[in-house]
Structure formats: C-alpha cells, structure tokens
Amino acid sequence: MFSFLDDYSEGAHPDILQALTGSNLTQESPYGTDSHSQDAVLRIKEHLGTGFQGSIHFVASGTMANIISISSCLRPHEAVIAVETSHIVVREAGAIEATGHKLITVPPVNGKLTPDAIEGALASNAHFPHMAKPRLIYLSNASETGTIYTLAELRAISALAKRRGLLVFLDGARLGAALASSKNDVSLEDIASLVDLFWIGGTKVGALLGEAIVVNNPMLAEDFAFHIKQRGGMLAKGRLLGIQFQQLFGPKQLFTSLASHANVMAAKLASGILATGYQLSADTETNQLFPILPNGVIAALQAHFSFYVWSKFDEDSSIVRLVTSWATEEEHVNAFLRHLEQASHMEHSH
C-alpha cells in the first residue's frame, strides 16, 4: 500500500536526520536562542529582502502557527475573513474560534480569496458595535485545492488591506510547493513585502516537524515571543527546529528542490490520469491533484493505494485527492497509473 494521503507520511530528508544526529551531543542554549536557530534565521532573511525589519520564530506545527499568529494581532472583538474551504475553517477543529475570534467566511474563486469577496465581507459585517469587526485577511498559498496566488492577486489584496486598515496573514503550510510551481511568479521577498505576517512550512517539505513564522510588521514583531510562550509553542529544545531549517535553507536549498520534486511527480500523475481519459476538478498547480473517478475505479485503486475521497461528484463518481511528496518516486506514480488503467478497463468491460 503506497500512500498518496498527504505529504508528510514519510519521516524526514536524510540530510536533516544526519544534521540532528551530528549535533546531538553538542550543548546549546534553550528556547530558540541556540546557534542553529540563529543561523537558520539569517539564512531565511537572505530571501526576504534588505527592507525586512521583522522577526522570525520557529514553532512545531501548522495549527500552532495559525493560532499564535492570528491571536497575536487581534483584539477580542476583531474577526478574520477567510474562504469557506480554508484550513482554519474546516480542518482545525475550531482552533481560531477557540481563541475567541469570529471567522467570517466567503466563497472561494478557484480555491482563493478575492478582493471582491473581501469587500463583500466588509460590507455585510459593518453594523458596529453589534457585529465582530473584520480585521485580518487569511490567505493560504497554496490553497486547499492546490491553486496558487499570482503576484498581481497578492498585490491587489495587499493594496485593499492598506486602504481598509486590515492586516494580511498568509498560511504557508505548502508555501514550498507554491513557490516551486511552474506557474508561480511570486518570491519570498514579494510575500514579505505584501503581508503583515506569514509562515514557511517545513513539515510538508521534508522536515520531521516545524514551521517558521515570519512577522514582517515591526509593531507585531515586537512582543511576538510572548505570544509563542503563552500558547505553549516555545520548545525548550528549540535547536531541533533550528537545525531543520538550517538544512532546508542551506547550500543545497532543500526547501526549493524537495518541493519541486513533489510538484514534478504530481504533474506526471496528472498528465497520466488525463491520458487515461479522466478529468481533473481543478488544474494541477502544485503537489495536490483532484481527479474525478468512477466509484468502481476508486474502490479498485484503494486495494493498492491510500488517498482521500474528497467529495461526491455525481451518483457514479467522486473527486479524490492525491498528494505527492519530496519522497514520492517515479515508480510509485507509474504503479498508480498502471492500476488506474487496469481498473478503467474493468469498469468499461462491465
């Protein structure tokens, strides 16, 4: 059984494991003040442009990064604007609401949040002080459906936020995949210049665990460490996170190369599925793809592969989600396509 469930079924890239083992008996200072974390911060800063005036912090998980980042910059009566399919809305067990902040949800366009949707949310949530006040725009790049934001789209949202006095936060769980996409025209420096805070996902691009929160807005950066500590996100052995980001942003640039590999495997999988005669519910821009398959074919594939059945398409077929990772090999993709072709023949012969 090979898993296409997610991009973190494997452990970690061998270089990361080797770095963790090699530094294991070296004594380091705690809570992210170690030499590895400091070096990793410098390496990430090299990608953020000379104008970067903020701070960078490492935490263990994506949900933790979202909780800490969002709650750090909102007052109790302030709310978040997000698309109704976004991770904080459907996949985090109400974690943001549990911090006391309302989520104002709007329909996505191709998985993404648009300026029109933001303006609509502002207009329909303006009966003050009787309604929670929209204050933060939540973006995810790549989106839950694997689509990416263009530079023009991010600039338009950033300009709108400045006009309307809003903050912009970008969830970067799959930011590596987004930046490595063949359709991408955005850099880490662009993102740092256009949003108030964002995070760079390590877990989904070859780290054992860990995400790097980049707080671009100097006012939000000032006391950010206090928020991490209060929310239980400050690891005593902070070195474990720093070492991994040292490797991801080291000379081999694993952050880029591992994400690129996952995207290439997804593109090969997508083209093979299309060649077999099936459709995709969305264009494949990163390492997630969403083919529409007959239910009989899905059942046959599930004997050999793990993946999510995402949603019902019609009475006879469903949309499934396949995710490739830094460790997916071409033979895994070829095996899936072979089984798909066999299942397809069986389906048609019935």
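Q253 is partly exposed, because its relative accessible area is 25%. Partly exposed denotes the range between buried (under 20% relative accessible area) and exposed (over 50%), with a 1.4 Å probe and protein chains only. Q253 sits in the loop between helix 12 (239-248) and helix 13 (254-275). Helices (H or I, at least four residues) and strands (E, at least two) are DSSP runs, numbered from the N terminus. The phi of Q253 is near 50°, a positive value in a residue other than glycine.

The model is predicted, so local features need pLDDT of at least 70 and side-chain atom pairs count only at pLDDT 80 or more, while totals for chains, interfaces and linings use all residues. Residues are numbered from 1 along each chain as its sequence is written, and side-chain values use heavy atoms, with hydrogens and water left out.

N110 also has a positive phi, about 55°, although N110 is not a glycine. The loop between strand 4 (103-106) and helix 6 holds N110. N110 is partly exposed, because its relative accessible area is 48%.

K112 is found in the loop between strand 4 and helix 6. K112 counts as buried because its relative accessibility is 8%. Contact means heavy atoms within 4.5 Å. Neighbours within four places in sequence aside, K112 is in contact with V83, T147, I148, Y149 and E153. Q18 is 94 residues from K112 in sequence. In space, the two lie 38 Å apart, C-alpha to C-alpha.

One joins F128 and P129, with omega about 0°. P129 lies in the loop between helix 6 (115-123) and strand 5. Another runs from N141 to A142, with omega near 5°. N141 belongs to the loop between strand 5 (133-140) and helix 7. A142 is placed in the loop between strand 5 and helix 7.

N141 counts as buried because its relative accessibility is 0%. Its contacts, leaving aside neighbours within four places in sequence, are T147, I148, Y149, L170, D171, G172, R174, L175 and A178.

N184 occupies the loop between helix 8 (175-179) and helix 9 (188-194). At 18% relative accessibility, N184 counts as buried. N184 touches I148, Y149, A178 and L179, with residues up to four places away in sequence not counted. L166 is 18 residues from N184 along the chain. The C-alpha atoms of N184 and L166 are separated by 25 Å.

The interior was then examined. A nonpolar core is a set of buried Ala, Val, Leu, Ile, Met, Phe, Trp, Tyr and Cys residues joined through side-chain atoms within 4.5 Å. The largest such core has 60 residues. L113, F198 and I200 have the most contacts inside it. Helix 7 (residues 151-164) supplies the largest share of this core, five residues. Another core lies apart from it, with 26 residues, among them V59, C73, F169 and I228. I200 touches I44, G172, L175, L188, E211, A212, V214, F245, F249 and F255, not counting residues up to four places away in sequence.

The whole chain was considered last. The protein chain has 15 helices and 14 strands. Buried residues make up 55% of its 350 residues. Among contacts between residues at least 6 apart in sequence, 73% join residues at least 24 apart.

The radius of gyration is taken over C-alpha atoms, and the globule rule is 2.2 Å times the number of residues to the power 0.38. A compact globule of 350 residues would have a radius of gyration near 20 Å; the protein chain has 21 Å, which agrees. Along its principal axes, the C-alpha trace spans about 65 × 60 × 35 Å.

The protein chain exposes about 15500 Å², and carbon and sulfur atoms supply 53% of this area. Accessible areas come from the Shrake-Rupley method with a 1.4 Å probe; for residues, only the protein chains shown count as cover. The mean positions of the 24 positive and 34 negative charges are 6 Å apart. Lys and Arg count as positive and Asp and Glu as negative, whereas His and the chain ends are not counted. The place of a charge is taken as NZ of Lys, CZ of Arg, CG of Asp or CD of Glu.
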